[in-house]
Amino acid sequence: MIYRETGQFKTSYAADQQIFPIRQDRIGIAILLAFAFVVVPLTAGNYWFNAILIPFLIFSLAALGLNILTGYAGQLSLGSAAFMAVGAYAAYNFQVRIEGMPVLLSFILAGLTAAGVGILFGLPSLRIKGFYLAVATLAAQFFIVWCLTKFPYLSNYSASGVISVPNVEILGYTFDTPQSRYLLVLSIVSLMALLAKNMVRSSTGRAWMAVRDMDVAAEVIGIRLMRTKLLAFAISSFYCGVAGALYAFCYLGSVEPDGFSLDLSFKILFMIIVGGVGSILGSFLGAAFILLVPIFLDIVLPWLSELLHLPVDSATVSHMQLMVFGELIMFFLIVEPHGLARLWQIGKEKLRLWPFPH
Amino acid sequence: MQFFLEVLIGGLLSGVMYSLVALGFVLIFKASGVFNFAQGAMVFFAALSLVGCMEKGAPLWLAFILAFGIMTLLGIATEKFVLRKMVNQPPISLFMATIGLAFFIEGLAPLLWGNAVRRLDIGLVDEPIPWILEHWNMVISKFDLVAAGLALALVAVLALFFQYTRVGRALRAVADDHQAALSIGIPLQHIWALVWAVAGFVALVAGMLWGARNGVQFALTFTALKALPVLILGGFTSVPGAIVGGLIIGGTEKLAEIYIPPVMSGIFGGNFGGIEGWFPYVMALLFLLVRPEGLFGEKHIDRV
């Protein structure tokens with residue numbers, strides 16, 4: 001209904017292979033980016049930046065990382081929070097220990113550190129798969145968090161491993177207002193999302209998907225399993241690492257190892273299940289959904305309890321949250337295993353024909 | 001040497017408790033190919049139901065039966081509302097669904113029974129056995145010994161049940177091949193419901209023992225995390241594997257906890273306690289590199 005792509009003929013390979021082949025999509029994305037970069041910073045309040053927008057972007061990035069590994073390469077990981085922790089602590093250490101280290105460079109180095117750790121814990125994926133691998137990634141989760149707690153060097157000898165990061169400063173400009181931090185995070189996330197989108201359309205991405213669909217078959221047609229799987233682990237961990245660094249530097253300001261617990265890993269996993277496994281858009285949709293559900297419940301449940309005259313305390317609300325989370329996961333897996341991204345696609349296709357489907 | 005033995009035996013006994021939880025995983029995995037991450041949550045739910053019934057004034061045996069009834073209902077509901085709707089989906093989706101189920105149960109249990117930490121008294125005390133203390137000068141907990149005995153008995157009963165009863169044979173048939181089992185007239189859905197009920201029973205026993213030992217609290221769900229390395233070590237499909245894996249994990253974990261941190265402190269300085277959290281995983285991981293299917297798991301052959 002909104003638009004049709006009729007009449008847009010491609011006359012060159014370049015035109016045919018661009019990211020958004022339909023003109024209206026390009027315009028839509030441009031409007032979305034303009035909105036995010038210009039309108040939002042001008043209008044949104046501090047609560048929006050600190051409690052919703054910045055964490056949304058950071059979790060989207062982490063979900064993107066996990067989606068590359070789980071959605072595209074098919075290697076289920078339950079340790080994404082640990083790789084975020086590696087990123088956060090690595091960025092902190094590069095900042096603190098090297099005088100005059102540019103922040104962006106330390107983010108990149110943090111991502112690379114996380115990638116290195118990711119490769120290390122991805123090695124078992126060459127021998128094992130499926131549940132065994134999922135359980136093996138739990139080893140990364142527990143081991144890394146333990147290391148960060150127990151080696152005081154990693155947190156610069158602070159008590160119980162809590163690190164407080166300095167303000168981000170790039171070329172003399174200090175990112176101390178929520179707006180500026182939002183813009184920084186948004187730039188990094190947009191750039192990395194673009195990279196990811198291109199990566200999954202490239203030969204690398206196709207190799208990942210082949211491995212996901214059936215790794216023996218992929219190997220038979222000449223895909224190097226070791227390289228492909230480890231690359232997926234490395235890139236996924238890179239994304240998670242950068243997300244972790246942003247999490248510490250632009251969102252919380254001070255983090256502790258226990259903040260990167262198994263629960264966080266599950267949360268990121270839920271984001272990609274709800275949003276859409278194997279979809280870049282899905283990572284964003286899922287992050288928004290998982291982030292907004294608790295806020296929504298916080299508002300709705302007390303209101304509902306007043307309506308029904310039932311006493312509801314905060315503990316009950318948190319239990320209800322768990323239940324709703326669990327239910328949502330099961331619901332999505334049963335009803336729409338490809339998540340919100342797929343629903344969006346279906347909706348678009350329906351609307352294309354509406355109101356005359358035949 | 002004596003101290004070593006004491007630690008080892010303590011570890012082995014607690015390892016049996018891990019086996020108990022791992023057993024629940026194995027049962028469901030064998031019968032339906034579902035890797036049930038919610039087993040830990042089920043342990044929590046079962047223990048809470050047991051305590052809840054006892055608080056309402058039921059004696060232990062009655063509370064046990066009631067809790068078993070509740071677990072059976074939970075199992076049947078899971079089969080009916082979740083698993084049946086997910087046939088033909090890849091196992092990894094089923095696994096993720098059970099993570100969702102775990103969250104659901106973790107929210108539901110305290111909502112039904114309250115979230116205070118409760119003591120569970122099953123008439124066993126956690127004290128050293130005087131006779132062993134006297135003659136061997138070792139501290140072996142009476143509770144651990146009885147719990148381990150109970151766990152072993154349960155395993156034996158289950159093994160017999162699988163081997164010699166009609167239902168047990170049906171269960172094994174389903175485990176081998178769903179389609180073949182269906183085609184000779186085994187009601188698949190009944191069997192699945194049954195298996196979830198049995199897993200619920202195992203969770204109940206595990207919850208009772210763990211709950212009596214550490215109090216009935218949310219931390220019971222973490223027993224699942226303890227059982228996972230046991231599973232990888234023993235293999236997902238093997239009941240004896242769960243037992244042997246539990247013993248290995250329990251023993252080495254306690255030994256590692258005692259002997260490794262001092263060595264590391266010697267090298268790096270500082271306190272390195274709490275390696276129990278990850279040591280079993282790393283050990284299981286290293287083990288997997290050598291034997292990807294676990295000790296007793298079935299060797300997996302890929303066909304294109």
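## Starting at A:Gln75

Leaving out residues up to four places away in sequence, A:Gln75 touches A:Leu69, A:Thr70, A:Ser125, A:Leu133, A:Lys229 and A:Ala232. Touching, or being in contact, is set by C-beta atoms, placed from the backbone, that lie within 7 Å of each other. A:Gln75 sits in the loop between α3 (46-72) and α4 of chain A. Helices here are DSSP runs of H or I with at least four residues, strands are runs of E with at least two, and both are numbered from the N terminus.

Is A:Gln75 buried or exposed? It counts as buried, with 25 C-beta neighbours inside 10 Å. The cut-offs go like this: 20 or more other C-beta atoms within 10 Å of a residue's own means buried, 12 or fewer means exposed, and anything in between is partly exposed, again with C-beta atoms placed from the backbone. As for A:Ala232, it is 157 residues away from A:Gln75 along the chain, yet their C-alpha atoms are separated by 8.6 Å.

## What kind of model this is

This is a predicted model, so bear in mind that local features need pLDDT of at least 70 and side-chain atom pairs count only at pLDDT 80 or more, while totals for chains, interfaces and linings use all residues. Residues are numbered from 1 along each chain as its sequence is written, and chains are lettered from A and ligands numbered from 1 in the order in which they are written.

The complex gets an ipTM of 0.83 and a pTM of 0.89 from the predictor. For chain B, pLDDT (the predictor's confidence in each residue, from 0 to 100) averages 82, and 92% of the residues score at least 70.

## Chain A

Chain A has 14 helices and four strands. Its radius of gyration is 21 Å, close to the 21 Å that the globule rule gives for 358 residues, so chain A is as compact as a globular protein of that length. That radius is taken over C-alpha atoms, and the rule is 2.2 Å times the number of residues to the power 0.38. Along the principal axes, the C-alpha trace of chain A spans about 70 × 65 × 45 Å. Of the 358 residues in chain A, 45% are buried. Take the contacts in chain A with a separation of 6 or more: 75% of them are between residues 24 or more positions apart.

Helix α4 of chain A (residues 80-97) has 18 residues and runs 26 Å from its first C-alpha to its last, close to the 26 Å expected at 1.5 Å a residue. The expected span is 1.5 Å times one less than the number of residues. α4(A) is mostly covered, with 16 of its 18 residues buried. A:Phe37, in helix α2 (residues 23-43) of chain A, is partly exposed, with 14 other C-beta atoms within 10 Å. The C-alpha atoms of A:Phe37 and A:Ser187 are separated by 8.5 Å, although the two are 150 residues apart along the chain.

## Chain B

Chain B comes out as twelve helices and zero strands. A compact globule of 304 residues would have a radius of gyration near 19 Å, and the 20 Å of chain B agrees with that. Its C-alpha atoms fill a box of roughly 60 × 55 × 35 Å along the principal axes. Buried residues account for 46% of the 304 in chain B, and 73% of its contacts between residues at least 6 apart in sequence join residues at least 24 apart.

Just after α2(B), B:Gly57 takes a positive phi of about 105°.

## The nonpolar core

Which residues have the most contacts inside the largest nonpolar core? They are B:Ala47 and B:Leu50, in a core of 211 residues. Such a core is a set of buried Ala, Val, Leu, Ile, Met, Phe, Trp, Tyr and Cys residues joined through C-beta atoms within 7 Å. Helix α9 (residues 188-214) of chain B gives the most to this core, 18 residues.

Setting aside neighbours within four places in sequence, the contacts of B:Leu50 are B:Ala63, B:Phe64, B:Ala67, B:Leu120, B:Leu204, B:Gly207 and B:Met208.

## Where the chains meet

At the interface, 40 residues of chain B are in contact with 38 residues of chain A. On the chain B side, α4 (91-113), α10 (223-234) and α12 (279-290) each supply at least two residues. The largest share, 16 residues, comes from α4(B).

By type, the chain B side splits into 29 nonpolar, eight polar and three charged residues. Here Ala, Val, Leu, Ile, Met, Phe, Trp, Tyr, Cys and Pro count as nonpolar, Asp, Glu, Lys and Arg as charged, and the others, Gly among them, as polar.

Key: Contact = placed C-beta atoms within 7 Å.
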